[in-house]
Amino acid sequence: MSMGCSDRPGLMPLADGLAHLLERLVPLSGAGSVALADSVGRITAASIRAEAPVPAWDNSAMDGYALRRADLLADKPLPIQGRSLAGQPYTEPLKPGYCVRVMTGAVLPAGCDAVVMQEEAEVSDRGVTFEKVPEQGNNIRRAGEDCRAGDRLLPEGHCIRPQDVALLASVGCAEVSVRPRLKVGLLATGDELRQPDETLGVGDLYDSNRPALHALLARLGVQVNDYGVVADDPDALRQVLQQADTECDLVITSGGVSVGEADYTRQVLGELGDIEIWKLAIKPGKPLAFGRLSNSWFIGLPGNPVSSLVTFHLVATRAIRQLQGQPDKALPSLRATTTEAIRKTPGRMDFQRGVWRQTETGVEVRPTRAQQASHILGSLTEANCYIALEQDRGSVAAGETVTLWLFDALFSS
Ligand code: AMP
Ligand code: MG
């Protein structure tokens, strides 16, 4: 591997791990068509251009009167020549010395150069008088003001949002060409893992990683193939991984990637594919496996519940974006003042779970009341950000400035 290492031998800085991952992963090809109404969360397979301008015609931005400004110089009331409503245009050109009654969205008759809102007009038997001469183009929405024919509305590799649906609908688009849904296989390993309908034996625990990872993947809009819990048994693991490899584009596992006696994931992945075990210089989440199987890519997340979800957030989402052909995107970050001291040892980058808030004077943060250990899920449920403490940094005193990595939509309600 041609990447830098942290000060601690064998530990790789997160940025180097991510750079390596993005270099290796190739976006999946292919395209399909979906109805616009079903397109939210899908990724555009090509850029989308407007075929027609929006608005299509010059039209009124107000309920009022369309007129020719020069006609107001005579200081006489302008008789109403006709009415133009949204969907019921008045097609005659404006005659000299007249005005046209217009409603919001109505097509502007030829010859008009301003619209005066009705609140600034007075109607009498002789016509309409106006308080003042409006500016040229006042209250007129020009054709093509939102987009012109040929304008690029969305780039390729864009995840479609509700506001994009509005934009596409406004140009008459009914179907969108999108990337195929990424197929992501998911499995958890561990003899100790139980399902909700099972009773816990001594040392057992309920599997929390798989339901959470499933939920995260579903939120990302990928197709999740859930292979359940696999025992700490190389043969069982081999069989499931081989099946997942043939059925998926990416396989995500939880557990078994560290160096314990029952940590078979890395062993079997190594047999079936080309594996790179990483010890990332981050806390939580040191062990992480990444590599290639025959047909798919895989990411082996650590088993500890907080580590598993944090590494998914920091690493796996970036891999998924890359495979879907989306531009890479880090979490939004912010500087903040910590209101409490934070304990840290230099050597790894810490992603402590924090709670930030905006105050009158700036942004404040504190670590969660829940402990920062990698098995305390309460630290993640209480938090709204990571307090990202640099690798070389030691303990932080109250009042010092720290960098926050904010939870994005994936980790927010
Ligand atoms: P491992 O990475 O397999 O060595 O697991 C590390 C720790 O995480 C152990 O305490 C496991 O019991 C726990 N763990 C592993 N997988 C899960 C899971 N799916 N849900 C909850 N805890 C887990
Ligand atoms: Mg295990």
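Arg 318 is buried, with a relative accessible area of 12%. Buried means under 20% relative accessible area, exposed over 50%, and partly exposed in between, using a 1.4 Å probe and protein chains only. This is a predicted model, in which local features need pLDDT of at least 70, side-chain atom pairs count only at pLDDT 80 or more, and totals for chains, interfaces and linings use all residues. Residues are numbered from 1 along each chain as its sequence is written, and side-chain values use heavy atoms, without hydrogens and water.

**Around Arg 318**

Arg 318 sits in helix H6, residues 305-323. Helices (H or I, at least four residues) and strands (E, at least two) are DSSP runs, numbered from the N terminus. What does Arg 318 touch, leaving out residues up to four places away in sequence? The list is Leu 18, Leu 21, Leu 22, Asp 328, Lys 329 and Ala 330. Contact here means heavy atoms within 4.5 Å. With Asp 328, the side chain of Arg 318 also makes a polar contact of 2.7 Å.

**Domains and core**

The chain is divided into four parts: domain 1 (4-29 + 181-323), domain 2 (32-52 + 152-178), domain 3 (59-141) and domain 4 (333-411). These bounds come from an automatic or database domain assignment. The centres of domain 2 and domain 3, taken over C-alpha atoms, are 37 Å apart.

The largest nonpolar core has 44 residues, and Ile 252, Phe 312 and Tyr 386 touch the most other members. H6 gives the most to this core, 10 residues. Domain 1 and domain 4 each supply at least three residues to this core. A nonpolar core is a set of buried Ala, Val, Leu, Ile, Met, Phe, Trp, Tyr and Cys residues joined through side-chain atoms within 4.5 Å.

**Ligand 1**

Of the 17 residues around ligand 1, Glu 192, Asp 207, Ser 208, Gly 256 and Gly 303 come nearest. Such a residue has a heavy atom within 4 Å of the ligand. The table lists polar contacts, which are pairs of N or O atoms within 3.5 Å; within protein, one must be able to donate a hydrogen and the other to accept it, and residues adjacent in sequence count only if both atoms are side-chain atoms.

| Residue and part | Ligand 1 atom | Distance |
|---|---|---|
| Glu 192, side chain | oxygen | 2.6 Å |
| Asp 207, side chain | nitrogen | 2.8 Å |
| Asn 209, backbone | nitrogen | 3.3 Å |

Taken alone, ligand 1 exposes 480 Å², and the protein buries 79% of that. These areas come from the Shrake-Rupley method with a 1.4 Å probe.

Terms used. Chains lettered and ligands numbered in written order.
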